[in-house]
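This report describes the secondary structure elements of one chain and how they pack and pair. Conventions are stated where they are needed.

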Amino acid sequence: MNPITIAGIIFVIFLFAGIRIVFEYKRALKFRFGKYIKTLQPGFRWIIPIIETIQIVDIRVITINVISQEVMTEDNVPCSIDGVVFFKINDPEKAVLEVEEYRFAISQLSQAALRDVCGKVELDTILSKREEMGKNIKGIVEQETKEWGIEIIDVKIKDIQLPENMRRMMANQAEAERSRRARIILALAEEQAAGKLLEAGKLIDQSPSAIKLRLYQTLSNIAAEKNSTIIFPFPEEVLSRKPKETE
């Protein structure tokens, strides 16, 4: 094999060794002898082998779980709280050059912010205002990461673990609250029923025919039992007489 052929083969290998494909949802930072040169956009790209290298950065929304944190609330209730952080890299250059391992850094910031925010409020606030707690945590993390070219999209509190005795107390409290509401609803229903009965009684008193109709309806219900015997203690005509007005 002559030297020209060998040189041609080496040249072809050299060309193929520098080929890079950058996907649409990624960006590639190009370095030459370790110095940042530029950010490569999606598509077919070529770099000088050995002399140049690239570092790929994903610009899609990234999710990081915030591991469970032991928190003592303002009302001295110990609990374990975990969450999730959604973020996106807007400036790949800053995300790589300004901070080492931005994922780890955001995770640590989120853990510290979660302990700080939840430790300053009472347990009832954490349970009832998760969205507000998440926004407060997001504000703290966002303040630190904006210099890194990273946008914090959202922070969610996923789960709150309470001590066993606290869970029992909350369950008893919820049961008592449900019982109280049930008694109130029953009392209101009885009050409404009594009002309707009073209105019906007044209407029947004003019309002898209504009294007869009510009597016949009652008799029809009784007659459904074939072994029933009905005895009238007074003549039916008594129902047609209007009560005398008292002077």
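UniProt, in an unreviewed entry, places the feature "transmembrane region" at residues 6-23. UniProt positions are given in the numbering used here, feature names are shortened, and annotations may be inferred rather than shown by experiment. In the model, residues 6-23 are 67% helix and 22% strand, with the end C-alpha atoms 34 Å apart. Helices (H or I, at least four residues) and strands (E, at least two) are DSSP runs, numbered from the N terminus.

## Basis of the values

The model is predicted: local features need pLDDT of at least 70, side-chain atom pairs count only at pLDDT 80 or more, and totals for chains, interfaces and linings use all residues. Residues are numbered from 1 along each chain as its sequence is written, and side-chain values use heavy atoms, with hydrogens and water left out.

## Sheet S3-S2-S5

Three strands form an open sheet in the order S3-S2-S5, with antiparallel pairing; two strands count as paired if DSSP finds at least two bridges between them. Strand S3 (35-40) and strand S5 (52-58) are at the edges and have a single partner strand each, so one side of each is left without a neighbour in the sheet. From one strand to the next, the twist averages 25°.

Strand S2 (residues 26-32) is joined to S3 by five bridges, and the two run antiparallel. Thr-39 in S3 is the bridge partner of Leu-29, and Tyr-36 in S3 stands opposite Phe-31. The hairpin of S2 and S3 has two residues between the strands, and Phe-33 takes a positive phi near 55° there.

## Sheet S6-S7-S8

Another open sheet of three strands has the order S6-S7-S8, again with antiparallel pairing. Its edge strands are S6 (62-72) and S8 (150-161), each pairing on one side only. Neighbouring strands are turned by 25° against each other on average, direction ignored.

S6 and S7 pair over nine bridges in the antiparallel sense, and Glu-70 stands opposite Ser-80 in S7. These two strands form a hairpin with five residues between them, and Asn-76 in the turn has a positive phi of about 60°. Strand S7 (residues 78-89) is also joined to S8 by ten bridges, running antiparallel. Phe-87 stands opposite Ile-152 in S8.

## Helix packing

H3 lies across S6, S7 and S8, at about 35° to S6. Axes are lines fitted to C-alpha atoms, for helices over the stretch in contact, and angles run from 0 to 180 degrees between N-to-C directions. Helix H3 (residues 102-118) and helix H5 (residues 130-145) pack at an angle of about 135°, with their axes 9 Å apart. H3 and H5 are therefore oblique to each other (angles under 35 degrees count as roughly parallel, over 145 as roughly antiparallel, 65 to 115 as roughly perpendicular and the rest as oblique).

The contact (heavy atoms within 4.5 Å) involves residues of H3 including Ile-106, Leu-109, Ala-113 and Val-117, and residues of H5 including Met-133, Ile-137, Ile-140 and Val-141. By class, the contact of H3 with H5 has nine nonpolar, three polar and two charged residues. Ala, Val, Leu, Ile, Met, Phe, Trp, Tyr, Cys and Pro count as nonpolar, Asp, Glu, Lys and Arg as charged, and the others, Gly among them, as polar.
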